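Hi everyone, thanks for coming.

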Amino acid sequence: VAELLETGMLRYMTISPAVPGAVEAIRRLTQSGVICVSGHSSGDERVFAAAADAGLKGISHWYNNNHRDQLMIEQGVHTPVLCDRALIHPDFFLEIICDLQHVDPVFLKLALMVKGPGRIAVISDSIAAAGLPDGIYRNHDGREYELKDGGVHEVITGGRFGSCVTQPAEFANLVERLGIPLPEAARMCALTPAQILGVDKELGSIQPGKAADLLLLDADTFDIRGVFIDGLPLGSGLAF
């Protein structure tokens with residue numbers, strides 16, 4: 001942790017609260033201005049409370065990081081896990097993959113009802129092959145994975161292997177398939193993440209004085225029709 005902080009570049013870190021020493025690390029990182037979120041982790045109410053007290057602010061990959069062995073310790077009873085505790089914590093934000101494969105729309109609607117768009121950040125979890133056509137690709141570590149029907153699975157195990165969705169596609173999912181109003185969907189994709197990072201004075205919404213980093217989307221298909229950085233067009237006719 002000390003070496004990471006010495007770089008002066010660390011702003012955001014995913015950490016498992018159940019790992020020995022994690023609570024102390026969260027406290028030190030938070031005191032240094034680093035935003036800490038819970039990663040794929042086990043842990044009970046005590047672990048969650050200690051991490052929250054140390055400065056944990058949110059949870060990454062909400063509802064995809066539930067520890068399998070924890071979900072039903074007693075047969076027929078769903079055991080609360082860190083994702084559940086983050087859902088009802090008033091100050092926690094949730095990072096959610098909105099490809100509608102990682103998280104069922106029912107749970108997305110539940111999260112929105114409980115948290116509202118100001119506490120949900122849309123993330124992609126996309127890997128290097130995002131945007132490429134269906135097919136089999138090789139990961140940097142040699143493992144093969146298949147892109148098919150908007151999902152990614154490892155060839156050998158069949159297990160889910162990240163995502164291949166782009167954020168404009170997630171934005172379209174929220175609006176078209178979940179019926180979320182355009183302003184709320186836009187906030188979860190832009191302004192809320194900017195607020196989480198503390199850069200909402202410069203980014204995240206269209207206001208005087210902010211950076212004019214914009215995507216122009218087709219009103220019907222949500223395909224990207226233009227990209228602007230600092231108000232200058234970079235290209236058009238892109239489709240993701």
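Let me start at a helix end: Asp44 caps the N-terminal end of helix 3, with a side-chain oxygen 3.2 Å from the backbone nitrogen of Arg46. That is a polar contact, a pair of N or O atoms within 3.5 Å; within protein, one must be able to donate a hydrogen and the other to accept it, and residues adjacent in sequence count only if both atoms are side-chain atoms.

A word on the ground rules. This is a predicted model, where local features need pLDDT of at least 70 and side-chain atom pairs count only at pLDDT 80 or more, while totals for chains, interfaces and linings use all residues. Residues are numbered from 1 along each chain as its sequence is written, and side-chain values use heavy atoms, leaving out hydrogens and water. Helices (H or I, at least four residues) and strands (E, at least two) are DSSP runs, numbered from the N terminus.

Back to helix 3, residues 45–54: which of its residues are buried? They are Val47, Phe48, Ala51 and Ala54, where buried means under 20% relative accessible area, exposed over 50%, and partly exposed in between, with a 1.4 Å probe and protein chains only. Seen down the helix 3 axis, these buried residues fall within an arc of 130°, so they line one face; the arc is that of the directions from the helix axis to the C-beta atoms. An α-helix has 3.6 residues a turn, so residues three or four places apart point the same way. The face turned away from the buried side of helix 3 carries the exposed residues Glu45, Arg46 and Asp53. Covering the buried residues are, among others, helix 2 (22–31) and helix 5 (82–88), by contact, meaning heavy atoms within 4.5 Å. After helix 3 comes Gly55, with a positive phi near 125°.

Five strands make an open sheet in the order 1-2-3-4-5, with parallel pairing; two strands pair if DSSP finds at least two bridges between them. Strand 1 (12–15) and strand 5 (120–123) are at the edges with a single partner strand each, so one side of each has no neighbour in the sheet. Strand 3 (58–59) and strand 4 (93–97) are joined by two bridges, and Ile59 stands opposite Leu94 in strand 4.

There is also an open sheet of three strands, order 6-7-8, with antiparallel pairing. Its edge strands are strand 6 (135–138) and strand 8 (151–154). Four bridges link strand 6 to strand 7 (144–148), and Tyr137 has Tyr145 of strand 7 as its bridge partner.
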